[in-house]
Amino acid sequence: MFDAVEEHLAPDNQRIPDISIVSRFDNNLFQERHWVKWSLMLVDIVALQISLYIGYLANLPFADVQPMAINSSHYFSLVLGMAMVPVGYWLMRLYPGYGFTVVERLRRRVRATAAFLALFISWDLFSNPDAGITNVLLATLAISLILPPMIQSVFRSILIRLNCWGSPVLVLGAAKTGEHVINSLIKNPEMGLRPVAVFDDDPAKAGKTVAGVPVHHGLHHANDLSEKVKYALLAIPGADRDLQLEIVRELRFHHIIIIPDLIGLQSLWVEARDMGGVVGLEIRKNLLLRRNWVIKRSMDYILGVPLFLISVPVLGIIAIWIMIVNPGNPFFSQVREGRGGKKFKVWKLRTMYSDAEKLLHKHLAENPEARHEWNHFFKLKNDPRILKGIGTILRKTSLDELPQLWNVLKGEMSLVGPRPFPHYHLEQFNCDFRNLRRSVIPGMTGMWQTEARSDGDLAVQESLDTYYIRNWSIWLDLSLLGRTILIVLTGKGAY
């Protein structure tokens, strides 16, 4: 694989950097904006102070029932305490947090926030039992687990659009594994790893590009850029073991990430283990642990019950609107497949005319392009079945799925999970994937709805649902719920 192993293994004092390699790159490619981490910290400080103030205001209505002895000095001490929470985020390496997925970032943030607020509450109970601060801190804790992460997500999106987010990374290996990694990093810019160059020992690949990233000849030249780049990805799983060991020993980057030939396995919640000098990877099958099912169902009820109660008057108003536009039952049910293959009725608000099937068959027969679109997505952008006005609004906002909160409370569905597809949709997938879907409870929202929604074809749906099932965690569910709110507000991908 190496064309000059001796050159690669040569001591640093005998190696002469290839100036031609270094000079090929624009310094702007390696620019890492250090002000980003300070701006992230400032955003957190402001968001946490807002959370504290909202927590304080939320307790004012109860002041007559339980007097609050919070004076200016007490509140100032809370302000200082909340200003210390970002220290926990810094210890969790969240500034700037390059290399972490959205889910991992959320997990670290929640743990740090909960730990600091628990410390503040304990101190308050010990030192000021009559000060009335505990209730404010409890409300602040609940708010700061939601508001700051959402503000950070929006701010990070702005940085990405301004091309100010991320750290450059070199990829060693231009074969399929390297290409897969590069494509993944480009599709997930929030991770903050920007591929700027690929190095490979195959001279035939030199001068070409992998997903738009230029390929350079000679793995040994990567070290010449180690002063400009902190991250290197070793993506040559097919190389000789001894060669890979030598490469890792010689690389002088701050962070070296080794990509093994395990594409297709779960990638979240995989931990390195020291097996007496041998590196092992522990893969946790979270959905096989009973306690995780209990946690997931508990979250469904904790969030689902209040959401259902709030939705009842909204459902009543929408139901009347539907009947005015097109008389008939405002609700619609369809048999879907749940966990273990069990059939159940999924409920929705009716967004189509009463003779929807007849309209669909006629439209597909008269429009070949529409028939091709239906065969790929099982949806139509210009669907003649949709009720004018109210039908479009319901689909854009996903309010038509509010009745499924009843399915959640009955245990037939979860708030988050693979979408329960109709029978004709499921028939398009292979048996292995259908069996995988049967191992979990279907959900109101999930990765397909947040990542692709109606823009994803069958292959995308299978890929995203598989990723969710294999990588499930409570943190992934919370992340998807947060992203669902943003998707619903923007109406992205819905029709």
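Is Cys 164 buried or exposed? Cys 164 counts as buried, because its relative accessibility is 13% and buried means under 20% relative accessible area, exposed over 50%, and partly exposed in between, with a 1.4 Å probe and protein chains only. This is a predicted model, in which local features need pLDDT of at least 70 and side-chain atom pairs count only at pLDDT 80 or more, while totals for chains, interfaces and linings use all residues. Residues are numbered from 1 along each chain as its sequence is written, and side-chain values use heavy atoms, with hydrogens and water left out.

**Cysteines**
- Cys 431 is exposed, because its relative accessible area is 61%.
- A search of the whole structure finds 0 disulfides, a disulfide being a pair of cysteine sulfur atoms within 2.5 Å.

**Backbone features in loops**
- Asn 163 is not a glycine, yet has a positive phi of about 60°; Asn 163 sits in the loop between helix H7 (147-161) and strand S1 (167-172), where helices (H or I, at least four residues) and strands (E, at least two) are DSSP runs numbered from the N terminus.
- Asn 163 counts as exposed, because its relative accessibility is 53%.
- Ser 398, also not a glycine, has a positive phi of about 65° and belongs to the loop between helix H13 (390-397) and helix H14 (404-410).
- Ser 398 is buried, because its relative accessible area is 19%.
- The peptide bond from Tyr 95 to Pro 96 is cis, with omega near 0°, and Pro 96 lies in the loop between helix H4 (72-91) and helix H5 (102-127).
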